[in-house]
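The sequence and the model are shown first.

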Amino acid sequence: MQKISHEQQMIWFDDNYLTVDPHCCFDIDFWRQQNAIVGSAQGRGTTWFVAGDKMEMALRHYRRGGLFGKLVSDSYWFTSWDQTRSYAELMLLKVLREGGVNVPRPVAAKAEKKGCVYRADILVEKIPHSRDLVALLIESSLPSSVWHQIGIMIRKMHDLQVCHTDLNAHNILLDMDQQVWLIDFDKCYQQSGDSWKKDNLARLERSFIKEVKKRNIQWQPQDWQALCDGYRGDSER
């Protein structure tokens, strides 16, 4: 990972994937001028999907949620460059990929300091031909073999002691080859011990139950059982 440092700004990037000027890659107008915008998604803000020379990428500006986010939308207290949310997420993705977990390739991150606060952006791989579980389950159920693979992938993440603080049905993708991907690692971290892992899984189960009520997704308790079997390393039933 390369680094460009400045008194008020830090940029980290992987030149194996980024072929444009790192100073420009966080500016959506730059990509617009290149006619490289291929889509967008709405969350706390807009995530822009852009076409680079090596891959399509997702560009996201860090924004706060909740009531406090309405007052201070995108500023965070600065302590050190290594503690910025963009750097932390970039490095966590690197750890996960090196550990065999299917997550987006980390491409670049930026943090810009002003006084005692900073703002941040991140650029990561857009997983090609993928959809999240909610979108898929609205249309049809998934075979137990897929749920088994989801459990295996979550277990790989947990074996690296990574706690996904927003592990839910929207942050699990399937690509066209039915490969499982985990996304959105903002505010996630490595944590010692094992007691938290059960709570992490319970959060995911609650998200499926919520989506059944909210969007009538096609999910059954036996799907959760197949996921848990994969997580524990049990054979498919």
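Predicted model: local features only at pLDDT ≥ 70, side-chain atom pairs only at ≥ 80, totals over all residues.

Residues are numbered from 1 along each chain as its sequence is written, and side-chain values use heavy atoms, with hydrogens and water left out.

**Aromatic pairs**

A pair of aromatic rings is described by the distance of the centres and the angle of the planes. Here, rings of Phe, Tyr and Trp (its six-membered ring) pair if their centres lie within 6.5 Å; planes under 30 degrees apart count as stacked, over 60 as edge-to-face and the rest as tilted. Eight aromatic pairs are found in a search of the whole structure. One of them joins Phe30 and Trp31 in an edge-to-face arrangement, with 5.2 Å centre to centre and 75° between the planes. Another edge-to-face pair consists of Phe78 and Tyr118, at 6.3 Å centre to centre and 80° between the planes. This pair links distant parts of the chain, 40 residues apart: Phe78 is in the loop between strand S6 (76-77) and helix H3 (85-98), and Tyr118 is in strand S8 (residues 117-125). Helices (H or I, at least four residues) and strands (E, at least two) are DSSP runs, numbered from the N terminus. Phe78 and Tyr118 also belong to one aromatic cluster with Tyr76 and Trp81.

The table gives the relative accessible areas of the four paired residues; buried means under 20%, exposed over 50% and partly exposed in between (1.4 Å probe, protein chains only).

| Residue | Relative accessible area | Class |
|---|---|---|
| Phe30 | 16% | buried |
| Trp31 | 2% | buried |
| Phe78 | 16% | buried |
| Tyr118 | 4% | buried |

**Charges over rings**

A charge sits over a ring if NZ of Lys or CZ of Arg is within 6 Å of the ring centre and within 35 degrees of the ring normal. The charged end of Arg32 is placed in this way over Trp48, 5.7 Å from the ring centre. Lys126 has its charged end over the ring of Phe49, 5.3 Å from the centre.

**The largest pocket**

A pocket is an open set of points on a 1 Å grid over the protein atoms alone, where a 1.4 Å probe fits, with protein on both sides within 12 Å along at least five of seven lines; lining residues have an atom within 4 Å of a point. The largest pocket holds about 1100 Å³ of space, a volume being the space filled by probe spheres set on grid points joined across faces, edges and corners. Its lining comprises 35 residues, and Thr47, Arg60, Asn171, Ile183 and Asp184 lie nearest the centre. Elements giving two or more residues to this lining include strand S3 (37-42), strand S4 (46-51) and strand S5 (56-61). At least three lining residues come from each of domain 1 (2-125) and domain 2 (131-232), with bounds from an automatic or database domain assignment.

**Backbone features**

Most residues other than glycine have a negative phi. Gln161, in the loop between helix H5 (144-159) and strand S10 (162-163), has a positive phi near 65° and is partly exposed at 22% relative accessible area. Asn216 likewise has a positive phi, near 55°. Asn216 lies in the loop between helix H6 (195-215) and helix H7 (221-232) and is exposed, at 59% relative accessibility.
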